[in-house]
Amino acid sequence: MSKFFAVALGILTAIGGFVDIGDLVFNAQTGARFGMSLAVITMVGVVGICVFAEMSGRVAACSGRATFDLVRERLGPRMGVLNLFASVAVTLMTFIAEIGGVALAIMLVTSISEVLIVPFIGILVWAVLWRAKFSVMENVLGLLGLCLVVYLVALWQLGPSWGDFASQAVTFDKPGKEDWLTYSYFAVGLFGAAMTPYEVFFFSSGGVEEKWTAKDLGVMRANVLIGFPLGGLLSLGIAGCAAVVLQPLSVDVAALSQVGLPIAVALGKVGVAFVIVGFVAATFGAACETGLSAGYSIAQFFGWQWGKFVKPTQAARFHLVLILATILAIGVLMTGVDPILVTEISVVFSAVALPLTYFPILVVANDRDYMGEHANGVVANTLGSFFLVLVVVAAVAAIPLMVITHMGAGV
Amino acid sequence: MTTTERAGRNRLEHAWLDAALHLLDRQVVDSEGMMVCNVDDLEVTDRGSRELSVTGLLVGPAALVPRLSGRLGGWLGRMWLALGVQYAGRELPLRLGLDVVEHVGSEVRLRVPRDGLLDQQSPAAPGVVLRRMDDLLGMDVVLDGKVLGHVLDVRLEPRRRESRMVVRSLIVGRGRPGSLLGYDRGDVNGPWMVAAAVKQLHRHTGELGIDDVRTIDWEHGLVDATRPPGPLDRRR
């Protein structure tokens with residue numbers, strides 16, 4: 001059991017990256033509209049985030065410096081502050097959406113008004129960020145979030161034609177009624193969601209919270225190689241279930257209840273119980289991840305003490321940022337905005353912030369001042385360079401595609 | 001994790017280090033491993049007759065905000081002053097003397113705890129002018145009226161016993177992105193694609209010894225050289 005907990009950080013990071021409220025709906029939407037033709041994109045995204053999370057985790061373990069330290073140091077304060085604005089904007093938008101997502105998940109089982117639930121959840125998230133030990137947070141939320149494995153069980157139960165799935169994925173077999181521009185928009189969205197900057201901010205800072213050193217590189221790599229592929233698998237499971245149940249009905253997925261429908265069909269009430277626990281845990285976990293990431297980024301840019309590994313009074317400004325973020329989130333959600341819409345917009349903007357985040361990681365992972373003998377080898381550099389090119393392409397294409405396709409509604 | 005367990009090599013024990021690449025914008029950590037601040041700028045002591053040395057780390061909005069405006073001509077810096085007209089010493093940053101700096105590596109480590117450490121920069125002693133590293137970086141380097149390039153970085157010689165770092169030479173080049181990445185200084189190697197691109201962009205980068213500088217015009221941002229920069233010394 002303790003071996004499981006050693007990889008809890010990787011699993012929680014992956015939950016925030018692959019099955020947060022935006023991805024839950026986006027993946028189901030992808031499956032409902034495109035079947036499995038975008039599966040390869042998700043897999044490419046998984047490899048990409050593994051490459052960069054491993055690098056940022058290695059930098060954190062060898063030097064104690066988390067990712068945003070590197071951004072300011074290598075790009076200078078001007079580019080650093082631009083990246084800070086973009087990253088914090090995206091991360092805060094996602095934080096707001098996640099708290100809204102927890103409320104949506106709870107509203108699947110009760111009819112308590114949103115006005116009452118949202119402040120309660122906001123305060124609960126803040127209390128966890130303020131008081132709960134980092135390891136308790138990651139272990140509990142990581143474990144409960146794994147209830148989403150019920151999607152893989154449901155997919156098995158639904159008994160799709162695996163051959164069809166495989167051929168759709170490998171041949172990028174887009175359904176006739178969708179055009180290639182919309183396909184590209186979904187591809188960029190999936191890739192951007194898999195590689196959102198807050199994942200590496202959280203993973204590298206979490207590594208410092210866990211006090212990783214050069215001796216813990218094996219544990220760090222286990223976190224990466226178990227956590228993110230698992231997250232990708234859950235993503236594919238959600239898309240697959242949607243492809244089997246929702247695609248034949250031409251359902252346009254926009255609500256969390258529709259995301260849970262295939263589970264009800266395949267596994268009945270027991271499955272629904274698991275999936276609701278999974279939804280609540282995954283969105284709550286993603287809320288903690290994005291809240292902390294926003295605090296980490298701001299504190300690391302200005303050089304303030306950050307982290308849950310010191311007492312709150314020793315990292316006063318960091319915790320103040322978390323309080324303000326929570327108040328902002330509750331305030332925005334009380335206006336009744338749809339959390340899913342907020343997160344879909346933020347995914348696209350995060351694609352723009354990607355190159356400014358990943359480039360410094362790649363550079364510092366090669367710096368022997370930081371890494372000593374653990375600097376990048378040829379494999380890490382080749383993969384890193386390849387994905388950096390992909391990331392730049394995604395960043396450039398993101399906003400035009402969003403505008404042209406009206407956020408996936410069709411050209 | 002104590003700070004000593006992450007030792008790594010200390011650049012203060014080397015023959016030289018580069019101000020922008022190795023010092024500026026680094027995290028400052030105290031003797032107990034607690035984070036203090038970021039290096040927002042460097043205090044440069046000007047004793048005239050071309051003797052320039054770095055004597056302290058500058059911290060705080062008064063040091064950082066002017067660095068954010070760049071081509072906006074110090075607009076942000078002026079706005080910072082205007083927003084605090086009623087405060088004395090608004091333009092004075094907080095300062096950490098080099099005497100408390102123990103180790104310069106992936107971070108700047110101090111030899112004292114952080115409580116009550118940051119204090120406002122004191123006025124200069126008579127005969128001495130206090131300047132900022134950010135004003136020196138980016139200055140045009142001219143030879144007989146022709147602009148050779150810009151100051152990309154400043155090479156410093158650490159003198160620990162004197163608690164200062166003497167300016168030894170200026171790294172001069174065409175001022176394009178990538179100068180902070182260390183490739184042109186022989187510091188970082190991979191990945192191949194980025195290294196090759198940056199080396200190509202910086203093939204005209206050279207080193208100008210401080211003895212080959214006739215004057216530095218701080219008002220207009222001009223360095224008057226007596227000869228062209230020589231090849232970059234890449235030895236570590």
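Me: Why is E54(A) called buried?

Reply: In this predicted model, E54(A) has a relative accessible area of 14%. Buried means under 20%. The value falls under that cut-off, so E54(A) is buried.

Me: What makes the pair R221(A) and E54(A) a salt bridge?

Reply: Their side chains meet at 2.8 Å, N to O. The cut-off is 4 Å, between a side-chain nitrogen of Lys or Arg and a carboxyl oxygen of Asp or Glu.

Me: Is R221(A) buried, exposed or partly exposed, and how do you know?

Reply: R221(A) has 35% relative accessibility. Buried needs under 20%, exposed over 50%. The value lies in between, so R221(A) counts as partly exposed.

Me: How do you know that E178(A) and R33(A) form a salt bridge?

Reply: The N to O distance between their side chains is 2.9 Å. That is within the 4 Å cut-off, so the pair qualifies. E178(A) sits in the loop between α9 (162-170) and α10 (180-194) of chain A, and R33(A) in helix α3 of chain A, so the pair ties together parts that are 145 residues apart in sequence. Both residues are buried.

Me: Why is F26(A) called buried?

Reply: F26(A) has 9% relative accessibility. The cut-off is under 20%, so F26(A) counts as buried. F26(A) is part of helix α3 (residues 21-34) of chain A. Beyond its neighbours within four places in sequence, F26(A) is in contact with F186(A), G189(A), L190(A) and E344(A).

Me: How do you know that V136(A) is partly exposed?

Reply: V136(A) has a relative accessible area of 43%. That lies between 20% and 50%, so V136(A) is partly exposed. V136(A) is in helix α7 of chain A. With V140(A), L144(A) and V277(A), V136(A) makes a nonpolar surface patch of about 290 Å². Helix α7 (residues 134-145) of chain A gives the most to the patch, with three residues.

Me: Why do β3 and β7 of chain B stand at the edges?

Reply: Four strands form an open sheet in the order β3-β2-β8-β7 (chain B), with mixed pairing. β3 (35-38) and β7 (101-104) each have a single partner strand, so one side of each is left without a neighbour in the sheet. The twist averages 25° from one strand to the next.

Me: What makes β7(B) and β8 of chain B a pair?

Reply: They share three bridges in the antiparallel sense. Pairing needs at least two bridges, so these strands pair. H103(B) has R109(B) in β8(B) as its bridge partner.

Key: Residues are numbered from 1 along each chain as its sequence is written. Chains are lettered from A and ligands numbered from 1 in the order in which they are written. This is a predicted model: local features need pLDDT of at least 70, side-chain atom pairs count only at pLDDT 80 or more; totals for chains, interfaces and linings use all residues. Side-chain values use heavy atoms; hydrogens and water are left out. Buried means under 20% relative accessible area, exposed over 50%, partly exposed in between (1.4 Å probe, protein chains only). Contact means heavy atoms within 4.5 Å. Axes are lines fitted to C-alpha atoms, for helices over the stretch in contact, and angles run from 0 to 180 degrees between N-to-C directions. Patches are made of residues with over 30% relative accessible area and no salt bridge: like charges are joined within 9 Å, nonpolar side chains (Val, Leu, Ile, Met, Phe, Trp, Tyr) within 5 Å. Accessible areas come from the Shrake-Rupley method with a 1.4 Å probe; for residues, only the protein chains shown count as cover.
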